[in-house]
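Hello,

The structure we spoke about is below, followed by my notes on it.

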Amino acid sequence: MLRGEHATGFGAGSPLIGFAALIAMLIAVVVASWFTWRFVEMPALAWFRRLSKRI
C-alpha cells in the first residue's frame, strides 16, 4: 500500500492509465458543466428576462 497504489489502482509504473484517467475526468467535468449550463443556467436566464420585461 505504499503511495496508495493498491487503494486507487493507479500505480506509479503505468503513466498511460493515469493519463487516461485524467482525460476521462476532464471530459466528465466538461459534460457536467454543459448539462448544468443547459438545464439550470439557460432556464433561469430566460425566466429573469421574462420577469424583467414585466417590470
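Aromatic contacts

Trp34, Phe35 and Phe39 make up one aromatic cluster. The model is predicted, so local features need pLDDT of at least 70 and side-chain atom pairs count only at pLDDT 80 or more, while totals for chains, interfaces and linings use all residues. Residues are numbered from 1 along each chain as its sequence is written, and side-chain values use heavy atoms, with hydrogens and water left out.

Searching the whole structure gives 4 aromatic pairs (rings of Phe, Tyr and Trp, the last by its six-membered ring, with centres within 6.5 Å; planes under 30 degrees apart are stacked, over 60 edge-to-face, the rest tilted). Phe35 and Phe39 are stacked because their ring centres are 5.8 Å apart and their planes meet at 15°. These two residues are 4 apart in helix α2 (residues 15–54), which means about one helical turn separates them. Phe35 is partly exposed, at 44% relative accessible area (buried is under 20%, exposed over 50%, partly exposed in between; 1.4 Å probe, protein chains only).

The pair of Trp47 and Phe48 is edge-to-face, with 4.8 Å between centres and 75° between planes. Trp47 is partly exposed at 42%, and Phe48 is also partly exposed, at 48%.

Arg38 sits over the face of Phe39, 5.3 Å from the ring centre (the criterion is NZ of Lys or CZ of Arg within 6 Å of the centre and within 35 degrees of the ring normal).

Helices and surface

The protein has 2 helices and 0 strands (DSSP runs numbered from the N terminus: H or I of at least four residues for helices, E of at least two for strands). Helix α2 bends by about 35° at Trp37 (the angle between axes fitted to the seven residues ending there and the seven starting there).

Of the 55 residues, 0% count as buried.

Regards
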